[in-house]
Amino acid sequence: MTETLVIFAKSPTPGRVKTRLQLPPDQAAALHAAFVRDVVERHQSERFTTVLFRGDSPEHEFWTQLGIPLRDQVGSSLGQRMAHCFKALSDSQRAVVMIGTDSPNLPTARVEQAFRALETHDAVLGPACDGGYYLIGMRQFYAQLFPSDMPWGSADVLTRTLRILDESAIDYRLLDFWYDVDRPQDLALLCAHQGYLVREQIRPATHTFACIKKFGLWP
């Protein structure tokens, strides 16, 4: 049995992505596309298979530019789509780890740590600073982690998920915090953080910063 990294992503459609960044819709869509490209290029490995689950507009030409296996998300809510993905893969994979595309500079070490954690734990969670999580992984499908009343996108997701893990007696590992880039202050943090990551020899978010430079989003 193999290990699979799932990247969850939306198509870069103006007006439907990165709206909280308060940018012109075309710029927000271009930045989102850059995020996706960086995440796809960053998180490739000979150790695991990487597949992208696209969330909408399967006919969008952007998907054919990525050079990665593609599958379609199924379900109306984020929780339903995530649950369907894990359920579809869990029987044939030793471990499945899922990330989104809101953290274009997420170190590859976090994904590697997640797969290592699943060698001895049933689940793994990467907590995000905004109250959600940037990574979730498991060795088998736990439907209870995706309840129908979960307020996806809110600051309560992490707290509620941790409570479910504890109440379900699921043996899990918690990774270190990281941050998503959803709001103007997150984008400022991403830019200010870049110098440190370069000094630490962590792969830069090349497409993201080319886009930021193009639109003059950071001095």
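Because the model is predicted, local features need pLDDT of at least 70 and side-chain atom pairs count only at pLDDT 80 or more, while totals for chains, interfaces and linings use all residues. Residues are numbered from 1 along each chain as its sequence is written, and side-chain values use heavy atoms, with hydrogens and water left out.

The description begins with the sheet. Helices (H or I, at least four residues) and strands (E, at least two) are DSSP runs, numbered from the N terminus. Two strands are taken to pair if DSSP finds at least two bridges between them. On this basis, 7 strands form an open sheet with mixed pairing, in the order β3-β2-β1-β4-β6-β5-β7. The edges are held by β3 (70-72) and β7 (172-174); each has a single partner strand, so one side of each is left without a neighbour in the sheet. From one strand to the next, the twist averages 20 degrees; axes are lines fitted to C-alpha atoms, for helices over the stretch in contact, and angles run from 0 to 180 degrees between N-to-C directions. In general, strands of a sheet pair through backbone hydrogen bonds, either parallel or antiparallel.

Helix α3 (residues 108-117) lies across β1 (2-9), β4 (93-99), β5 (123-127), β6 (133-138) and β7, and runs at about 145 degrees to β4. Helix α4 (residues 157-167) lies across β5, β6 and β7, and its direction makes an angle of about 160 degrees with β5.

The next topic is the charged side chains. A salt bridge is a side-chain nitrogen of Lys or Arg within 4 Å of a carboxyl oxygen of Asp or Glu, and the structure holds 13 of them. One of these joins Asp102 and Lys18, with an N to O distance of 2.5 Å. This pair links distant parts of the chain, 84 residues apart: Asp102 is in the loop between β4 and α3, and Lys18 is in the loop between β1 and α1 (25-42). Accessibility is classed as buried under 20% relative accessible area, exposed over 50% and partly exposed in between (1.4 Å probe, protein chains only). Asp102 counts as partly exposed because its relative accessibility is 26%, whereas Lys18, at 10%, counts as buried.

Lys18 also forms a salt bridge with Asp182, the closest N and O atoms being 3.1 Å apart. Here the link spans 164 residues, from the loop between β1 and α1 to the loop between β7 and α5 (184-199), where Asp182 is placed. With a relative accessible area of 8%, Asp182 is buried. A further salt bridge connects Arg203 and Glu41, whose closest N and O atoms are 3.2 Å apart. Arg203 is in the loop between α5 and α6 (206-215) and Glu41 is in helix α1, 162 residues apart. Arg203 is partly exposed at 31%, and Glu41 is partly exposed at 41%. Elsewhere, salt bridges that share partners join Glu3, Arg47, Arg94 and Glu119 into one network.

The buried residues of α6 are Thr208, Phe209, Cys211 and Ile212. They cover an arc of only 155 degrees around the axis, taken from the directions from the helix axis to the C-beta atoms, and therefore lie on the same side of α6. The face turned away from this buried side carries the exposed residues Lys213 and Lys214. What covers the buried residues of α6 includes α1 and α5.

In helix α1, Leu31 is buried, with 0% relative accessibility. Not counting residues up to four places away in sequence, Leu31 touches Leu21, Leu23, Leu187, Thr208, Cys211 and Ile212. The axes of α1 and α6 are 7 Å apart and meet at an angle of about 160 degrees. The two helices are therefore roughly antiparallel, a term used for angles over 145 degrees, with those under 35 counted as roughly parallel, 65 to 115 as roughly perpendicular and the rest as oblique. After α6 comes Gly216, whose phi is positive, near 65 degrees.

Conventions
Contact = heavy atoms within 4.5 Å.
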